Amino acid sequence: MLANLLKFYDHYPTVLFSLKNTSRSAFAPDLLEELDFHGERQREIFEFAQVFQIDEQAELMLRNLSFQMQEDGLDSMFSSVRLPFPAMLLTIPEPATGLWPAALITQDQDNLYTQVFHANKEGLLPNLLVFKSQRASVEVLHSPTLKLANAIGDEITEEAAIKQEKTLCFDFLSIAVGMSILFEHKAMLEKEEVPAFPRAERRRAQKSGRTLPNKSIVKVKLGELGKRQVQASQESALSDEKSKSMRRAHWVQGHFMRNRAGGISWRNPHVRGAGPVIEQERHVSFDGE
């Protein structure tokens with residue numbers, strides 16, 4: 001995904017003119033200036049953003065926690081959480097079919113900016129909107145890509161763009177916030193830092209006249225407590241309240257909660273009930289969308 005984004009913004013906005021069979025001369029100077037600045041700025045951000053590659057099981061757990069945070073109204077407190085990096089690119093496993101989403105989240109003091117991108121075999125679909133979050137308020141900003149689309153005559157309304165991007169943007173923002181908090185709790189998530197581009201790929205890029213940044217990717221997977229969290233969520237889905245109170249010792253899901261300082265805290269999964277925990281073999285399945 002990172003290579004796709006860098007390549008796209010290397011040639012932005014020319015790549016869009018080519019796709020629409022038009023040229024720079026067809027547009028107003030102020031729009032062209034905005035497009036050029038946007039392309040340069042996006043490229044700069046991607047070069048210093050920390051890339052996180054979240055594996056399938058970690059994504060499942062983080063999505064479930066993301067949904068719960070939004071259900072509990074904790075999304076109004078996201079801007080109070082300090083992300084580990086000022087810019088984070090979140091990627092998830094590429095699906096076998098359909099669009100492959102990723103999100104860029106940047107933080108400037110108490111403001112969070114979220115953009116979502118999609119890739120497929122044909123190339124990259126850039127974001128149309130940027131969602132600016134500050135506590136309970138959300139401001140919708142138009143990207144220059146949307147302005148260009150409307151100047152060409154595509155007539156994409158803000159409402160249509162919001163319908164396309166908002167839910168996914170806030171899912172990724174919740175994942176980024178939850179992941180940042182869980183990194184501070186031992187054994188919930190494990191991280192492994194690896195080079196973003198293999199040496200052979202860097203050499204190929206240099207021969208073609210492109211320079212790839214010297215970056216690393218942080219691979220994210222479940223730690224031991226993270227696995228217990230998934231186990232507890234599966235057992236909870238299969239048990240009613242009465243059986244929960246009567247059954248043997250078992251793992252209980254951890255959860256996010258408001259703290260007295262006005263921020264978000266995490267309580268680890270833990271054992272509840274009498275007797276020893278009897279381990280059972282369980283298989284996790286992932287249904288494709």
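**Exercise 1. Salt bridges between segments**

Determine how many salt bridges this predicted model contains, and state which elements are joined by the pair Asp-36 and Arg-24.

*Solution.* 
Step 1. A salt bridge requires a side-chain nitrogen of Lys or Arg within 4 Å of a carboxyl oxygen of Asp or Glu. By this rule, the count is eleven salt bridges.
Step 2. For Asp-36 and Arg-24, the N to O distance is 2.9 Å, and the two side chains form a salt bridge. Asp-36 belongs to helix H3 and Arg-24 to the loop between H2 and H3, so this pair ties together parts twelve residues apart in sequence.
Step 3. Asp-36 is classed as partly exposed because its relative accessibility is 25%. Arg-24 is likewise partly exposed, at 35%.

**Exercise 2. A link between distant parts of the chain**

Identify the helices that contain Glu-34 and Lys-147, and state how many residues apart the two are.

*Solution.* 
Step 1. The side chains of Glu-34 and Lys-147 meet in a salt bridge, at 2.6 Å from N to O.

**Exercise 3. A network and a buried lysine**

Which residues are linked with Arg-43 in a network of salt bridges, and which side chain of opposite charge is nearest to Lys-215?

*Solution.* 
Step 1. Arg-43 and Glu-47 form a salt bridge with an N to O distance of 2.8 Å. Both residues lie in helix H3, four residues apart, which is about one turn of the helix.
Step 2. Asp-10 is linked with Arg-43 and Glu-47 in a network of salt bridges.
Step 3. Buried means under 20% relative accessible area. Arg-43 is therefore buried, at 12% relative accessibility, whereas Glu-47 is partly exposed, at 36%.
Step 4. Lys-215 is located in the loop between H7 and strand S9 (216-222). Lys-215 is buried yet has no salt bridge, and the nearest side chain of opposite charge is that of Glu-47, 8.4 Å away.
Step 5. The backbone of Glu-47 must be considered separately from its side chain. A polar atom of the Lys-215 side chain lies 3.2 Å from the backbone oxygen of Glu-47.

**Exercise 4. A positive surface patch**

Name the residues that form a positive surface patch, and decide whether Arg-203 is buried, partly exposed or exposed.

*Solution.* 
Step 1. The positive surface patch is made up of Arg-199, Arg-203, Arg-204 and Lys-207.
Step 2. Arg-203 is part of helix H7 (residues 199-207).
Step 3. With a relative accessibility of 46%, Arg-203 is classed as partly exposed.

**Exercise 5. Backbone features in loops**

State whether the peptide bond from Tyr-12 to Pro-13 is cis or trans, and give the phi values of Asn-21 and Gln-109.

*Solution.* 
Step 1. The peptide bond from Tyr-12 to Pro-13 has omega near 0 degrees and is cis. Pro-13 is placed in the loop between helix H1 (2-10) and helix H2 (14-19).
Step 2. Asn-21 is not a glycine, yet its phi is positive, near 55 degrees. Asn-21 occurs in the loop between H2 and helix H3 (29-48), and its relative accessibility of 74% means that it counts as exposed.
Step 3. Gln-109, also not a glycine, has a positive phi of about 55 degrees. Gln-109 sits in the loop between strand S3 (100-108) and strand S4 (111-120), and is exposed at 61% relative accessibility.

Notes. Residues numbered from 1 in each chain as written. Predicted model: local features only at pLDDT ≥ 70, side-chain atom pairs only at ≥ 80, totals over all residues. Heavy atoms only, no water. Patch = residues over 30% accessible without salt bridge, like charges linked within 9 Å, V, L, I, M, F, W, Y side chains within 5 Å. Areas by Shrake-Rupley, 256 points an atom, 1.4 Å probe, with all protein chains shown as cover. Lys, Arg positive; Asp, Glu negative; His and termini not counted. Charge placed at Lys NZ, Arg CZ, Asp CG, Glu CD. Buried < 20%, exposed > 50% of the residue type's maximum accessible area, 1.4 Å probe, protein only. Polar contact = N/O pair within 3.5 Å; in protein donor to acceptor, adjacent residues only side chain to side chain.
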